[in-house]
Structures are given as C-alpha cells and as structure tokens.
Amino acid sequence: MRLGLLYPTRNAGEDDFLDLAGRLRPPLDLVVRYFPWPSDVDDVGALDLAAVTDAVRSLGSDAHLEAALRDLEPFDAVAFAVSSSSFLTDTRHQLETLRRLAGAPATSTTAAFQDAIRFLGLDTVSLASVYHPSLSDEFIARLDADVVHRVDASAGSDRELAAWPAERIVDLVARAAHPAAQAVLLPETALHANRLTADLERAAGCPVLTATQVTLWAAARLVGARPTAEGTGPLFRP
C-alpha cells in the first residue's frame with residue numbers, strides 16, 4: 001500500500017517521517033509529495049503573527065489545495081502533514097477536500113491527533129506547543145480531551161524547528177509534563193522527534209504523542225495496516 005505524505009517545505013523535517021516509516025514492521029511505503037506555499041509567501045520566519053496565521057490558513061485552504069494538488073499522483077491514502085494548516089481550518093471539511101483531490105482516503109495531523117486520543121481513551125493531556133498561544137488555542141479547541149497544562153514556545157518557521165537539537169525538544173516536553181496528564185502532545189511536523197521517544201517519555205513521565213507518530217499511524221489505519229516497532233510510542237507498540 002502506497003501512502004502519500006503531503007508536505008510543504010523541503011528539508012524541514014520530512015526525513016523524520018521517512019525514518020519512522022522504515023523502522024516499522026512491516027515498513028510503510030511512504031512517498032513525500034511536496035506542494036508549495038501560496039505564491040505570496042516568501043519567508044514565513046520573517047512574518048509577524050497575523051501574517052503567519054494568514055499564510056498558514058491559506059496553505060490549507062480549498063483554493064490552494066485545489067491548485068497545488070491538481071495533478072496528484074495515485075496513492076492508496078494520503079496524509080496532510082501540516083499541523084497548523086490542519087487546525088486553522090475546518091478539519092472535517094479539509095479532509096473531504098483532500099479525499100476528493102486524491103481519490104483516496106485522507107487524514108491530517110490534527111485529525112490524527114483526534115483519532116489517537118479516542119483510540120487510547122485519553123481524558124487528560126498536556127501540550128508541548130511550539131506555537132504562539134493564540135495558535136495553540138486553535139489546536140486545543142479541536143481536541144476531545146482536557147488540556148491540564150501547556151507550554152507555548154512561540155518558535156519560528158518550520159526550517160528553524162527542523163534544526164532544533166534533541167535537548168531543546170526534550171526540554172519543551174519536560175516543561176509540559178504534568179502529573180494529571182495521561183499523555184503529552186507534541187504537534188509539530190518539522191521537529192525531529194522520532195528517535196527521541198524514550199527520552200521524551202522519561203522527561204514527561206507518561207506517553208508522548210508526536211506529530212510524526214500520529215500522522216503515520218492514522219495513515220496506516222486508512223489502508224488497514226497495523227505496523228509495530230519497539231521504542232516508537234504507544235500507537236506502534238507490539
């Protein structure tokens with residue numbers, strides 16, 4: 001089964017998805033399909049918060065997806081691997097658009113977090129967010145769980161986040177830890193967190209759901225796959 005990972009910025013974290021896909025057993029046949037940012041967006045890192053919010057919302061809009069994915073090659077399922085663009089819009093409507101354009105089942109990182117929370121039966125979570133608080137609020141509003149604690153890093157662009165060292169990611173999760181949380185959510189697809197699962201869970205004192213984990217898990221479920229691997233988080237445990 002061939003899965004398409006829809007990703008907007010080259011060399012900004014997509015290798016983390018490919019690495020995890022290859023670690024799973026059976027491995028996932030994952031193909032990264034890049035699509036561009038809107039033509040009026042040059043450097044997201046140079047924009048103020050209002051402009052960033054507009055750009056990210058535009059990236060996941062119907063009009064942009066229609067133009068950017070018009071010639072999408074055949075996949076058995078697709079995953080829209082852009083956290084912010086999938087929670088700054090109507091998640092369900094966006095999935096309907098993606099299914100129509102792909103002619104195949106579709107998920108997004110935000111939808112994957114929603115599914116994972118239900119699958120694991122989580123009632124309380126904490127949030128290790130790289131976003132500005134106003135953007136974190138949008139993500140939280142789409143969760144069917146009580147967020148008992150949160151950290152908002154107000155970080156920069158996806159390229160900057162892809163360059164974060166391991167200790168900075170672990171520190172963010174450690175600061176988000178809370179004794180009442182059943183899991184910590186780390187919803188950013190540019191972070192290289194795949195190889196940090198054990199360190200993150202030690203820092204949190206509970207399971208940690210990363211954007212990479214949940215997106216691949218949800219995409220695999222769309223094609224009936226149930227891959228497993230040690231050290232890859234609760235969704236892939238053997």
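The model described here is predicted: local features need pLDDT of at least 70, side-chain atom pairs count only at pLDDT 80 or more, and totals for chains, interfaces and linings use all residues. Residues are numbered from 1 along each chain as its sequence is written, and side-chain values use heavy atoms, with hydrogens and water left out.

## Helix pairs

Two packed helices are described by the angle between their axes and the distance between the axes. The axes are lines fitted to C-alpha atoms, for helices over the stretch in contact, and the angles run from 0 to 180 degrees between N-to-C directions. Helices (H or I, at least four residues) and strands (E, at least two) are DSSP runs, numbered from the N terminus.

Let's start with helix α1 (residues 14-23) and helix α11 (residues 211-222), whose axes come within 10 Å and cross at roughly 55 degrees. These two helices are therefore oblique to each other. The crossing of α1 and α11 is right-handed; that word applies if the near helix is turned clockwise from the far one by less than a right angle, and left-handed if anticlockwise. On the α1 side, the contact (heavy atoms within 4.5 Å) is made by D16, F17, L20 and A21, and on the α11 side by A211, T212, Q213, T215 and L216. Sorted by class, this contact of α1 with α11 has five nonpolar, three polar and one charged residues. For these classes, Ala, Val, Leu, Ile, Met, Phe, Trp, Tyr, Cys and Pro count as nonpolar, Asp, Glu, Lys and Arg as charged, and the others, Gly among them, as polar.

Helix α11 also packs with helix α6 (residues 109-120), at an angle of about 80 degrees and with the axes 8 Å apart. That makes α6 roughly perpendicular to α11. Here T109, A112, F113, D115, A116 and F119 of α6 meet A211, V214, T215, W217, A218 and R221 of α11. The contact of α6 with α11 has eight nonpolar, two polar and two charged residues.

I169, V170, V173 and A174 of α9 make the contact with D199, L200, A203 and A204 of α10. By class, the contact of α9 with α10 divides into seven nonpolar, no polar and one charged residues.

## Two buried residues

In the next part, buried means under 20% relative accessible area, exposed over 50%, and partly exposed in between (1.4 Å probe, protein chains only).

V184 belongs to strand β7 (residues 183-186). With a relative accessible area of 0%, V184 is buried. Apart from neighbours within four places in sequence, V184 is in contact with S126, A128, V173, A176, A177, A204, C206, P207, V208 and L209. The C-alpha atoms of V184 and A174, ten residues apart along the chain, are separated by 9.4 Å.

T53 is found in helix α2 (residues 49-59). At 13% relative accessibility, T53 counts as buried. The side chain of T53 reaches the backbone oxygen of L49 at 2.9 Å. Not counting residues up to four places away in sequence, T53 touches L88 and L135.

## Backbone details and accessibility

The peptide bond joining R25 and P26 is cis, with omega about -5 degrees. P26 lies in the loop between α1 and β2 (29-34).

Two residues other than glycine have a positive phi: N11, near 60 degrees, and S154, about 50 degrees. N11 sits in the loop between β1 (2-7) and α1, while S154 is in the loop between β6 (146-152) and α8 (158-162).

R226 is placed in the segment after α11. The C-alpha atoms of R226 and D137, 89 residues apart along the chain, are separated by 32 Å.

| Residue | Relative accessibility | Class |
|---|---|---|
| N11 | 65% | exposed |
| S154 | 39% | partly exposed |
| R226 | 54% | exposed |

How values were computed: Polar contact = N/O pair within 3.5 Å; in protein donor to acceptor, adjacent residues only side chain to side chain. Parallel < 35°, antiparallel > 145°, perpendicular 65-115°, else oblique.
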